[in-house]
Amino acid sequence: MTIDSDPVPPPLHWAVRLLRAESVGLGLVAAFLIYEDLTATAVDLLSALLITAFAIGGAVALWALGGALARRRVGARAPAIVLELMLLPVGYYMVQGGLGWLGVPLALLGLLVVGLLVSGPTNRALGFE
């Protein structure tokens, strides 16, 4: 048994957990899209398959970034921040489309994870300070 002498700080730990939770959520969306691709009568099959592939790729990317950050890989922070900031326009357009109950929490989740990723303890754990 190995005991880590320098544990992952709580902000980084929570950022990793939230990235992984987002990955699972996007994976569930991808599973729904796969079901829809197989059962619905598609008007544009190529577009449906591309959207499904994008959701699968996003879920894989979020999971991988969470794992890399858990291992304190410095290069994973910037892509994770970019993906989280992408939740802001998604949330905005969801609010504009009448889905504010989902868009506002998504935008706030993105801001929360970015805040965790740029916090002092996370910076120190990743070697920025």
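**Exercise 1.** Which residues of the largest nonpolar core touch the most other members?

*Solution.* First, some ground rules: this is a predicted model, where local features need pLDDT of at least 70, side-chain atom pairs count only at pLDDT 80 or more, and totals for chains, interfaces and linings use all residues. Residues are numbered from 1 along each chain as its sequence is written, and side-chain values use heavy atoms, with hydrogens and water left out.

Next, the term: a nonpolar core is a set of buried Ala, Val, Leu, Ile, Met, Phe, Trp, Tyr and Cys residues joined through side-chain atoms within 4.5 Å. Buried means under 20% relative accessible area with a 1.4 Å probe, protein chains only.

Now look at the 18 residues of the core: Leu-12, Leu-19, Leu-69, Ala-80, Val-113 and Leu-117 touch the most other members. Helix 1 gives the largest share, five residues.

**Exercise 2.** Find what Leu-19 is in contact with, leaving aside its neighbours within four places in sequence.

*Solution.* Contact means heavy atoms within 4.5 Å. With that cut-off, Leu-19 is in contact with Leu-62, Gly-66, Leu-69, Ala-80, Glu-84 and Val-113.

**Exercise 3.** Check the length of helix 5, then find its buried residues.

*Solution.* Take 1.5 Å times one less than the number of residues. For the 18 residues of helix 5 that should give 26 Å, and the end C-alpha atoms are 25 Å apart, which agrees. Then pick out the buried ones: Gly-103, Ala-107, Gly-110, Val-113, Val-114, Leu-116 and Leu-117. Their cover includes helix 1 and helix 6 (120–125).

Methods:
Buried < 20%, exposed > 50% of the residue type's maximum accessible area, 1.4 Å probe, protein only. Helix = DSSP H or I, 4+ residues; strand = E, 2+ residues; numbered from the N terminus.
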